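Hi,

Here is the structure I promised to pass on. Have a look at it first, and then read my notes below.

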Amino acid sequence: MIRRLCLRTAARSFRPAVYRRYYHATMTSDDPSVAPSPAPAMIPPAVEAAAPEKRGMVVLAPMVRSGQLPMRLLSLKYGADLVWGPETIDKALIGTTRIENPETGCVDYMRAGLVIRLCPPREKSKLIFQLGTASPETAVEAAKIVSQDVSGIDVNSGCPKPFSTHAGMGAALLKDPDRLISILKALVAGVGPSTPYALPISVKIRLLKTIDETHALITNLCKTGISTLTLHCRTVPMRKTERAIRDALAGASDICRAAGVRFFVNGDVKNWAHAQSLIREYNIAGGAMIAIAAEANPSVFCDTGVKEWREVLADYLTIAMETENPFANTKFCMMNLVPGKQPLREKLARAKTFREVCDAVGMECTIPEERDVGTVKTQRMTAAEERDAQAKKEKDERLERLAELKRRKAEEGEGAGEETGKRVKMDVQQAAPMDGVVPLPTVGVAEAVDTAV
Ligand SMILES: Cc1cc2nc3c(=O)[nH]c(=O)nc-3n(C[C@H](O)[C@H](O)[C@H](O)COP(=O)(O)O)c2cc1C
């Protein structure tokens with residue numbers, strides 16, 4: 001108890017004084033001085049009565065690792081209105097090769113390994129691709145690369161992690177608003193709604209030190225031509241476990257509404273009903289974005305209530321196998337879906353293959369055995385092996401046709417000796433171009449086939 005109190009006090013001390021003042025003045029249900037209450041299971045009647053018809057969008061937040069393909073598809077299945085992809089650094093995307101998998105419908109952006117896997121048939125119309133960037137030029141170049149597979153481009157301007165900020169990306173852009181504005185303007189001009197790419201551009205920011213500073217930044221960002229803005233209601237130094245601060249919310253939403261920009265609130269949103277409640281309470285012109293609660297149970301997007309974790313886990317694993325999600329990521333996300341002390345966590349922690357994960361959960365493994373190898377690296381090799389196998393198959397078919405040709409000629413010219421051999425070689429030369437292969441030199445059949453493939 002004492003430890004909890006200390007932790008809460010420590011957490012409060014991170015809040016800038018100005019927010020603390022407004023915070024206590026407003027005394028919203030988020031008052032940090034009271035113990036966290038369970039998330040509402042339904043929209044409070046008073047809120048429902050005030051605006052029964054108003055429903056905002058509820059969307060999946062960008063999450064590195066946790067926001068990979070299966071989590072996005074599962075969130076959509078449970079009712080998420082849009083899904084943000086995990087932050088992908090523009091420079092990592094530039095130079096990738098786009099590889100389609102006709103079996104799964106997935107598209108891999110590959111460089112030395114898998115950079116990101118998307119599944120356009122199942123998510124494109126609702127997928128917002130988030131870029132980590134510090135430069136207008138590379139942002140536009142990267143956006144063009146994925147443009148055909150996504151429905152919007154978002155710029156991460158809130159990540160406080162050193163890997164993002166040291167390169168001038170994420171939260172570093174909040175300290176360099178001119179650069180952020182130039183990136184957004186470049187994206188609007190390069191791939192935005194009035195270009196042939198027709199992609200809406202958005203940005204995700206955090207609170208600045210004061211409400212006025214936050215509102216001033218939002219006002220300027222709204223002039224760049226963006227379509228959507230998300231406000232993570234925590235300042236940069238605040239940790240993800242700290243209570244979100246809502247004081248700047250209503251004003252931020254008003255600024256966006258006046259500018260015709262859709263607005264999402266992010267931070268501490270528990271589930272669909274809680275999202276609707278916030279949307280009404282703060283008169284939000286757009287919707288709410290959920291991260292951690294969705295990472296633990298993506299059925300938070302259901303408007304009928306959250307589902308039991310076992311059902312969610314089974315749904316997740318089914319999608320992970322359908323899309324052949326990298327094993328390490330599958331295991332990581334599944335561990336997040338299993339509540340604290342369940343013995344299943346230990347079994348999952350020990351699993352090294354999809355088969356072992358399926359055994360632990362009691363499901364049938366649908367990943368072909370030869371592809372159940374577990375890592376991004378080996379999956380990449382499997383893709384290369386598949387290409388080799390296809391080439392070998394074509395080579396075998398050609399070889400068979402040539403052997404058949406040889407057999408027929410031998411039958412026709414039985415006893416003709418040396419002459420038969422010559423004729424076979426000539427036929428090989430004539431047959432090859434029909435197969436779309438370069439003309440063969442006049443050599444023995446096996447040699448000729450090797451040259452052709
Ligand atoms: C595992 C994890 C990964 C995250 N990755 C990103 C990211 O790639 N881009 C981003 O803008 N925010 C990222 N965030 C921040 C979330 O999008 C969100 O702003 C934050 O968690 C607050 O929302 P919440 O209170 O619902 O968790 C990440 C958060 C978590 C927990």
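**What I found**

The buried residues of α15 pack against α4 (69-77), α13, α14 (309-322), α16 (344-350) and α17 (354-361). Helix α15 itself covers residues 327-337, and its buried residues are Phe327, Thr330, Lys331, Cys333, Met334 and Leu337. Keep in mind that this is a predicted model.

Now for the whole chain. The protein chain has 453 residues, 41% of which count as buried, and its secondary structure comes to 20 helices and twelve strands. If you take the contacts between residues at least 6 apart in sequence, 64% of them join residues at least 24 apart.

Nonpolar side chains tend to be buried together in soluble globular proteins. Here the largest nonpolar core holds 108 residues, and Leu187 and Ile290 touch the most other members. Both domain 1 (2-306) and domain 2 (312-371) supply at least three residues to this core. What does Ile290 touch, leaving aside its neighbours within four places in sequence? Its contacts are Val58, Leu60, Ala61, Val269, Ala275 and Val300.

Ala61 turns up again at the ligand: along with Met63, Glu87, Ala291 and Ile292, Ala61 is among those that come nearest, out of 24 residues around the ligand. Which helix gives the most to that shell? It's α13 (residues 292-296), with three residues. By type, the shell around the ligand splits into eleven nonpolar, seven polar and six charged residues.

Cheers

Note on methods: Residues are numbered from 1 along each chain as its sequence is written. This is a predicted model: local features need pLDDT of at least 70, side-chain atom pairs count only at pLDDT 80 or more; totals for chains, interfaces and linings use all residues. A residue is near a molecule or strand if its C-beta atom, placed from the backbone, lies within 6 Å of it. Helices (H or I, at least four residues) and strands (E, at least two) are DSSP runs, numbered from the N terminus. Ala, Val, Leu, Ile, Met, Phe, Trp, Tyr, Cys and Pro count as nonpolar, Asp, Glu, Lys and Arg as charged, and the others, Gly among them, as polar. A residue is buried if 20 or more other C-beta atoms lie within 10 Å of its own, exposed if 12 or fewer, and partly exposed in between; C-beta atoms are placed from the backbone. Two residues are in contact if their C-beta atoms, placed from the backbone, lie within 7 Å. A nonpolar core is a set of buried Ala, Val, Leu, Ile, Met, Phe, Trp, Tyr and Cys residues joined through C-beta atoms within 7 Å. Domain bounds come from an automatic or database domain assignment.
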